[in-house]
Amino acid sequence: MLRDDLRAIYYILRKDLDTYYFKPPNISWGIFFPLAFILAFSIRNPGNMRELMPGLVAMTMLFGTTAMEAIVIVLERRTGSLERLLLAPVSLPAMLAGKVLGGMCFGTVMSLLVLAGTAVFLGTGGTNWVTVAGTLLLSAAAFSSLGALVSVTVKEVFEAQTLANYLRFPMIFLGGVFVPLTDLPQGLRVIAGLLPLTYSVEAMRLGMAGEPAGAAMPDLLILAVWTIMSYGLAWRALRRRLA
Amino acid sequence: MVDRMRDAIALRGLTKHYGELRAVDGISLDVREGEVFGFLGPNGAGKTTTIRMLTGLTRPTAGHAEVLGYDLAHELSSIKKRTGVVPESSNLYAELTALGNLLFAAQLYGVPRRERIARCEELLDRFGLSQKRDASFAKLSRGMKRALTVAAALVHRPSLLFLDEPTTGLDVMAARRLRAMLANLRDQGVTIFLTTHYLEEAERLCDRIALIVQGQLVALDTVDGLRGMVANEPAVEVVIDQGRGHTETRRFLGGDVGSAMEEALAQTEPIRRRILSVSSARPTLEEVFVQLTGLSAEVMLREKGGQGRLNAKG
């Protein structure tokens, strides 16, 4: 049973990466999106880029993981091909894990590209790579699971895109990507505390500043909780649809 | 416990409710190993819901089911490994090629790596799709999509195959090819559970047929057995000359030769047509269906776009 599930997770992941994620339009959008932000901010305030990069890496992860993840399941449900996975000897959690891993892989690759650019142009002296790696992994898991949750709760692809944007854009402006949390009014700071991107940005900032791994542990724990919660709710929603 | 030598499927009081709607209402039946079992009924009768329950796509509200000797409620994974499913719509991945779709199915069902390519190539060849192995599923014709969907269901050599309305929407030739494939599978010992609304198709393919209406089993027997259920009403077949070399065959159910002749004369005299022959005939499955269900056979055809008769030929 476990062997069947692990095999299925691997092949679902591979199929999704080939057919949905690593396609020219998706890759170019994945690169263009953070690049546009980096260019805009570097022109406006070139001296401030190093402070801004942790937020941009986290934001790239958010968009990289959710852009396709939020629509993959609803798209396959609409075309009927999701049924093929449900008919196969694969457990529901394993099927969902295969889907979530697709978003995680793509988001991680896109974030690593931004990180590599940061290393080349701004240097990465003093970076705590363990914290950065942990932040990338848990951010990818949390955001991709959130994308899967969006995808299983709606009926149409356009609804998934709309709902994903409702979740993503407030996160960008309130999650500390461009405006430090300390500069936000108290009410908005409370809302920011409810958003997973806030913890991803903060953990990435601590990692890139070379703080000890323990400093980012509370943020990483909250990202882990977001992962479990989103994945669990997505699984439950999918199971209810099958009832 | 199911007799594994004889019963591929055993249902006892299988029920599915959607709120107030009783989609499947306490169905009990057995499907024997190696037979082609037809599940007939109009749209909304509960055919697809039954297949969805037996393949794990939806959970029964009540009742008990065993498939290939495995308990549906507790051994679904074992059932899935041994069954193939062809849903009503061809639902393979549009982005993958014909070969890519079969390979993905083989991977999911755990076909050993060293056998995969050979098995997929063999199926492409058997279904006449070798020339299209690298074409994406989206670009195949409807008949080819259907054939590839059947091939994908067979990639792991299942011993039980579920087919939900397999020939719906196919042209005459494609439907004929598919029926030949199914006959071939039966010869290989694969048990086939087939839903269809095409009565002629069921009559031609199925060893036994169950009639289902509004979620309830109305009758279950061989085609001859079903005919026997209405045999006390003999049918008379009258062939009428329509002129210019054309003939029309009319059937009169429940009468004798004398009354059939009278009726035929009454119908043909005003239009000056000759009666060429009169013979007694066994009732068709359509007549059996009408008698046993109280429904018009056209109900089924109309609901599926009215192409049933055309497609069922050949």
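Leaving aside neighbours within four places in sequence, A:Leu138 contacts A:Leu220, A:Leu223, A:Ala224 and A:Thr227 in this predicted model. The residue A:Leu138 lies in helix α6 of chain A, which spans residues 129-153. With 24 other C-beta atoms within 10 Å, A:Leu138 is buried, because the count meets the cut-off of 20 or more that defines a buried residue. A:Glu76, by contrast, is 62 residues away from A:Leu138 along the chain, and the C-alpha atoms of the two residues are 26 Å apart.

The confidence of the prediction was examined for chain A. The mean pLDDT of chain A is 91, and 100% of its residues reach 70 or more. Within chain A, confidence is highest in α6(A), with a mean of 96; this is the helix that contains A:Leu138. Confidence in chain A is lowest in helix α2 (residues 24-44), where the mean is 83.

Chain B is divided into two parts, domain 1 covering residues 7-228 and domain 2 covering residues 229-312. Taken over C-alpha atoms, the centres of domain 1 and domain 2 of chain B are separated by 32 Å. The secondary structure of chain B comprises twelve helices and 13 strands. Chain B has 314 residues, of which 44% count as buried. Among contacts in chain B with a separation of 6 or more, 68% are accounted for by residues 24 or more positions apart.

Strand β6 of chain B (residues 83-86) is covered on both faces. Strand β6(B) runs parallel to strand β7 of chain B (residues 160-164), and four bridges join the two strands.

The contact between the chains was considered next. Chain B contributes 21 residues to the contact and chain A contributes 19 residues. On the side of chain B that touches chain A, helices α2 (76-82) and α3 (98-108) of chain B each supply at least two residues. By residue class, the side of chain B that touches chain A divides into ten nonpolar, seven polar and four charged residues.

Definitions and conventions. Residues numbered from 1 in each chain as written. Chains lettered and ligands numbered in written order. Predicted model: local features only at pLDDT ≥ 70, side-chain atom pairs only at ≥ 80, totals over all residues. Domains from an automatic or database assignment. Buried ≥ 20, exposed ≤ 12 C-beta atoms within 10 Å, placed from the backbone. Contact = placed C-beta atoms within 7 Å. Pairing = 2+ DSSP bridges. Nonpolar A, V, L, I, M, F, W, Y, C, P; charged D, E, K, R; others polar. pLDDT = per-residue confidence, 0-100.
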